[in-house]
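The sequence and structure come first.

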Amino acid sequence: MKRLLSGNEAVAHGAWVAGVAVASAYPGTPSTEILEHFARFPGVYAEWAPNEKVALDVAIGAAYAGRRALATMKHVGVNVAADALFYAAMSGIEAGLVLVSADDPAMHSSQNEQDNRQYAKFARIPCLEPSDSQQAKDLTIAAYDLSEQFDTPVLLRMTTRLCHTSTLVEVSETRLPPPGPKPYPRNYEKYVDIPANARKRHLVIEQRIRDLCEHAETFPFNTVEMKSNRLGIVTAGVAAQYAREVFPEASILHLGMSYPLPRKLIKEFAKKVEKLIVLEELDPFIESELRLMGIDLFEGVDSLSDTRMPNAKSIFPITGELDPGIVRFCAEKAGLLEPPTTHRPAAVDLNLPVRPPVLCPGCPHRSTFYLLNKLKVPVNGDIGCYSLGVIAPLNAIHTIGAMGSSIAVAHGAAVAGDSERHVAVIGDSTFFHTGVPALMNVAYNQSNVITIIMDNRVTGMTGHQENPGTGKTLQGKETCEVDIEALVRSIGIDLVKTVSAYDVAAIEKTLKEWMKLDKPAVLITKEECALLPSARQRYYPLEVNTEICNGCTICFRIGCPAISKSEQLHEVYKRPLAKIDPSLCTGCEICAQVCPRNAILFRQQAKEKREQAEVKK
Amino acid sequence: MNPIKFDPKAAPVNFLLTGVGGQGTILASNVIAEVGIGAGLDAKQAEVHGMSQRGGSVTSQVRWAPKVFSPLIAKGDSDILIAFEKLEAVRFIDYIKPGGLALINDHCIAPITVSAGNAEYPDDQTIHATIARYTSNAYWVQGQKIALELGNPRVTNVVLLGALSAFITLPEEQWLQAIARRVPEKHLALNKKAFEMGRKEIQFSQNP
């Protein structure tokens, strides 16, 4: 039976069909839904790990123990997991091991658009690239066979477009039997990666990649579709769809395995066509390999060579996501296609207001950013919803790098002797991810960094995943919760306090006191994410008392989407008064606390007013 | 009046849905994709979720054809633009084919840049004039208003699906079945009502 599945659902389905027994991951857009779907299949173990390295180590352990295993993460997660990837590439495994890297061309939700196919070449492991959901399923299954046949981890490279596009998939009701239990290996030379063994293993894995190169010649997902011999396209991943759409007449060599490459297949294909081009997203990964093989690629009559970076691509851009419009434009510029006869639509020439994502109404992070902006301190931010504290009018973050970096970056600035007092802000899940060792460093080396852990009781930005602080696992089991305050004390920081994230005065008072003390401090601002079902039950919209509001605009500085300027002007100052949209307001009272005139009714006041109005009726 | 109809059996149809995170564009695009599959076509549905869901500008795309390759639509290639918000209609109007159908929810959500006083929301005259430069085939639907009358602004997306269905030569039943598969049982009656109201908006509409 065929069903519409997203690429992520299809990978999960393929993993289940392939008999995967253990899966571990850290959530990250666009990879998150793979584990969420996999966890619901019968007879599997699936977990959220605190970070990607732990996730990959867990999958490696399961594969050593003879069970097919899966680790999934976004592209930058592979940087965190790279240490584990490289030793597993050296050791090999007892049962299939697949690492899914979900890359993010165009950086829809990421800090960079690194092309993780480079990791396959770097670690000498095969890289498979699906081009739709059916292939995501099929290549996941093929990856396990490849992994076991060649004793290697396999990189399955997805991209945002594949992860979040739904296409038809032939679904299977039956599952391959999971491999039976095996005794844990006692193979010292293979699994103990000490120098004496590693030197021998390096030779093994170099031979392995040569064997894989040979295997690639007949790998069933490397396909040749001969049409016109005037143009041949070597392509992989979602770019293969653009190739078929934009060049319906061209011959296509579609690589399901983009590393290592089938050299003979490519050379034969190249001989059969007059012009050969490579169509791939991001890095010239395949293109560079073809050039190294000495294959003559068509450069285009009006190529982008004048702006070309070293090792850049000849026809298509090295940055961003492709689409049929971009591919067609580049092909026309290169002389591969005739310019269109119909006119291309002009871009909208209005200066439209941008609509950036914002902290939601009722978000517990808002109060802290409002205060940090007011205190004018340098703030080192981290990865999560609270990255949105950078957006106007909060403007409260000055650096953001990678997961867990806030604390050590602040520490670095502090020990460098920067005259300002440095603050790090980090969410609960990001703190568990890689914030803990950095905070340990602050304690150990005694810098005066103030760390604010914004504990909203969930992994928020990726869509509410459980984490070590929530007391529940991915598969819904009750478990222990990290006591963040006790953890902070145990690493040697005694200046630690937990306050409600909605208590503006308490946060302000604490921060101002701590600014005077020259020692490490940790403030935990705790309140559950306002989008959680339990938080939604407490929604109660506030309102503005228009007799008191004088349009001073201070409440606009908290950047709440529920507050805006009303049509009504103040009688004397002629400034627009504030208004609150009752369909958006949750009643968090942050605006009511910052209003200097008490013109915004608190929940209790709003309730009393509405009750009195009822009585009058 | 009789609106121009799309016959998906005769020619491929590309849909671009635009709106603001949280308005239900993804559910609507899922339904459109299911309807295409139900009609015996190939369909692909592309969305991006993540950071932009937090009140940002969002789009999703659906393509129907006997065989669909690219999941993305090139600028100027969308047969139908379904905008859940007026400003987002203007932002993505250059995706529409010359003379394509623009179905616009007559509703404004001020972005934070506007509510914070750093930018101006374009006036209705500017919005209408800009859209008219790309197509004369624009329909304004009181999606939000109808949904509020039904007691739940969250069914605006299904009102718009109802309106969309009036332009496509497929049986109403196929739309209702796809909605039933995507909507929880307890909300089904409300969603069916929303769909009917949206469909009637077009069937008895005086615009464009």
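Which residues in H6(B) meet which residues in H8(B)? The model in which this is examined is predicted. On the H6(B) side they are B:Val158, B:Val159, B:Leu161, B:Gly162, B:Ala163 and B:Ser165, and on the H8(B) side B:Asn191, B:Ala194, B:Phe195, B:Gly198, B:Arg199 and B:Ile202. By class, the residues of this contact between H6(B) and H8(B) are seven nonpolar, four polar and one charged. Helix H6 spans residues 156–165 of chain B and helix H8 residues 188–203 of chain B; their axes cross at roughly 45° and come within 6 Å. That angle makes H6(B) oblique to H8(B). The crossing of H6(B) past H8(B) is right-handed.

**A helix pair in chain A**

Helix H4 (residues 75–91) and helix H9 (residues 195–216) of chain A pack with their axes 8 Å apart, at an angle of about 80°. H4(A) and H9(A) are therefore roughly perpendicular to each other, since angles of 65 to 115 degrees count as such. From H4(A), the residues A:Ala89, A:Met90 and A:Ser91 meet A:Ala198, A:Arg201, A:His202, A:Ile205 and A:Arg208 of H9(A). The contact of H4(A) with H9(A) holds four nonpolar, two polar and two charged residues.

**A covered helix**

Helix H12 of chain A, residues 285–292, is mostly covered, with six of its eight residues buried. The buried residues in H12(A) are A:Phe285, A:Ile286, A:Glu287, A:Ser288, A:Glu289 and A:Leu290. Their cover includes two helices of chain A, H5 (117–123) and H11 (263–272). It also includes the chain A strands E10 (228–236), E11 (250–255), E12 (257–259) and E13 (275–279). After H12(A) comes A:Gly294, with a positive phi near 80°.

A:Ser166 belongs to strand E8 (residues 165–170) of chain A. Is A:Ser166 buried or exposed? A:Ser166 counts as buried because its relative accessibility is 10%, and the cut-off for buried is under 20%. Its C-alpha lies 6.5 Å from that of A:Gly7, although 159 residues separate A:Ser166 and A:Gly7 in sequence. Beyond its neighbours within four places in sequence, A:Ser166 is in contact with A:Leu4, A:Leu5, A:Ser6 and A:Ser133, and also with B:Ala43, B:Lys44 and B:Gln45 of chain B.

**Backbone geometry in loops of chain A**

Most residues other than glycine have a negative phi, and most peptide bonds are trans.

| Site | Feature | Value |
|---|---|---|
| A:Tyr259 to A:Pro260 | cis peptide bond | omega near -10° |
| A:Ala392 to A:Pro393 | cis peptide bond | omega about 5° |
| A:His464 | positive phi | phi near 70° |
| A:Asn598 | positive phi | phi about 55° |

A:Pro260 is in the loop between E12 and H11 of chain A. Both E12 and H11 are among the elements that cover the buried residues of H12(A). The loop that holds A:Pro393 runs between strand E14 (379–380) and helix H15 (405–415) of chain A. A:His464 sits in the loop between strand E16 (450–455) and helix H17 (484–490) of chain A. With a relative accessible area of 26%, A:His464 is partly exposed. A:Asn598 is found in the loop between helix H20 (590–594) and strand E22 (600–601) of chain A.

Methods: Residues numbered from 1 in each chain as written. Chains lettered and ligands numbered in written order. Predicted model: local features only at pLDDT ≥ 70, side-chain atom pairs only at ≥ 80, totals over all residues. Heavy atoms only, no water. Axes fitted to C-alpha atoms, helices over the stretch in contact; angles between N-to-C directions. Helix = DSSP H or I, 4+ residues; strand = E, 2+ residues; numbered from the N terminus. Parallel < 35°, antiparallel > 145°, perpendicular 65-115°, else oblique. Left-handed = near helix turned anticlockwise from the far one by under 90°. Contact = heavy atoms within 4.5 Å. Nonpolar A, V, L, I, M, F, W, Y, C, P; charged D, E, K, R; others polar. Buried < 20%, exposed > 50% of the residue type's maximum accessible area, 1.4 Å probe, protein only.
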